[in-house]
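Welcome! Take a moment to look at the model, and then we will walk through it together.

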Amino acid sequence: ACIDQGGPNLGEWARADDYSHDIVKDLNNWVSGWTDWNIALNMQGGPNWVNNVVDAPILIDASKGEFYKQPMYYIMGHFSKFIRPNSVRVGLTMASTDQVAGVAFVTPTNQRVLVVRNSNLFETDELMITIPDRPGQVLRVTLEPETIATIVWN
């Protein structure tokens, strides 16, 4: 996958939100892995095999010897850092909305991982989510509008 919206745009968080939406949706629909086929591109969004320009998690300015981590880079970290190989996706029930979505896993070390996004652009209020833990216990997490969070617990 990649974000194909007319080439790179440094610091564009709206694209990162699209990225997180795609990853959550795909992982919830039986995808066993996810990668960006253009993890690093030049400042013009190339080169690539079809000569179209796209955005990437890392942009490289070879003339300056610099690279830039785009917001998509940090989104990918919510998944790649905490959802370790051989983790198993588990059921997750959330209110039906396009603004709030998540995906949950149990890792090989029995940690529970929840990646949840609140892409609500129109509300200024925080969103409280409640996660059942053990009988009689819950975790409560507050999400600001336009955020993604990873919750890891034993």
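## A first stop: Pro 47

Where is the place of Pro 47? Pro 47 sits in the loop between S1 and S2. A cis peptide bond, with omega about -10 degrees, joins Gly 46 to Pro 47. Most peptide bonds are trans, and most residues other than glycine have a negative phi.

Before going further, please note that this is a predicted model, in which local features need pLDDT of at least 70 and side-chain atom pairs count only at pLDDT 80 or more, while totals for chains, interfaces and linings use all residues. Residues are numbered from 1 along each chain as its sequence is written, and side-chain values use heavy atoms, with hydrogens and water left out.

## The overall plan

The protein contains 2 helices and 9 strands; helices (H or I, at least four residues) and strands (E, at least two) are DSSP runs, numbered from the N terminus. A box of roughly 60 × 40 × 25 Å, taken along the principal axes, holds the C-alpha atoms of the protein.

Of the 154 residues in the protein, 36% are buried. Here, buried means under 20% relative accessible area, exposed means over 50%, and partly exposed lies in between (1.4 Å probe, protein chains only). The accessible surface comes to about 9300 Å², and 53% of this surface belongs to carbon and sulfur atoms; such areas come from the Shrake-Rupley method with a 1.4 Å probe, and for residues only the protein chains shown count as cover. Contact means heavy atoms within 4.5 Å. Among contacts between residues at least 6 apart in sequence, 45% join residues at least 24 apart.

## What the record says

UniProt, in an unreviewed entry, lists residues 9–83 for "domain: Glycosyl hydrolase family 30 TIM-barrel". UniProt positions are given in the numbering used here, feature names are shortened, and annotations may be inferred rather than shown by experiment. In this model, the chain over residues 9–83 is 33% helix and 15% strand, with its end C-alpha atoms 28 Å apart.

## Inside: the nonpolar cores

A nonpolar core is a set of buried Ala, Val, Leu, Ile, Met, Phe, Trp, Tyr and Cys residues joined through side-chain atoms within 4.5 Å. The largest one has 16 residues, and those with the most contacts inside it include Tyr 19, Ile 75, Phe 79 and Ile 83. Helix H1 (13–27), H2, strand S5 (100–106) and strand S6 (112–118) are the elements that give two or more residues to this core. The most come from H1, which gives 5 residues.

Which residues does Ile 83 contact, leaving aside its neighbours within four places in sequence? They are Phe 105, Val 113 and Val 115. There is also a second, separate core of 11 residues, with Val 116, Ile 131, Val 141 and Ala 149 among them.

## Charged pairs

Side chains of opposite charge can pair when their charged atoms come close. A salt bridge is a side-chain nitrogen of Lys or Arg within 4 Å of a carboxyl oxygen of Asp or Glu, and the whole structure has 2 salt bridges.

One joins the side chains of Asp 55 and Arg 15, at 2.8 Å from N to O. Asp 55 lies in the loop between strand S1 (40–42) and strand S2 (58–61) while Arg 15 is in helix H1, so this pair ties together parts that are 40 residues apart in sequence. Asp 55 counts as buried because its relative accessibility is 1%, and Arg 15 is buried at 7%.

Asp 17 forms a salt bridge with Arg 117, where the closest N and O atoms are 2.9 Å apart. Asp 17 is in helix H1 and Arg 117 in strand S6, so parts that are 100 residues apart in sequence are tied together. Asp 17 is partly exposed at 27% relative accessibility, whereas Arg 117 is buried at 2%.

## Out on the surface

Two loop residues have a positive phi without being glycine. Trp 30, in the loop between H1 and S1, has a phi of about 75 degrees and is exposed, with a relative accessible area of 72%. Asn 110, in the loop between S5 and S6, has a phi near 65 degrees and is exposed at 56%.
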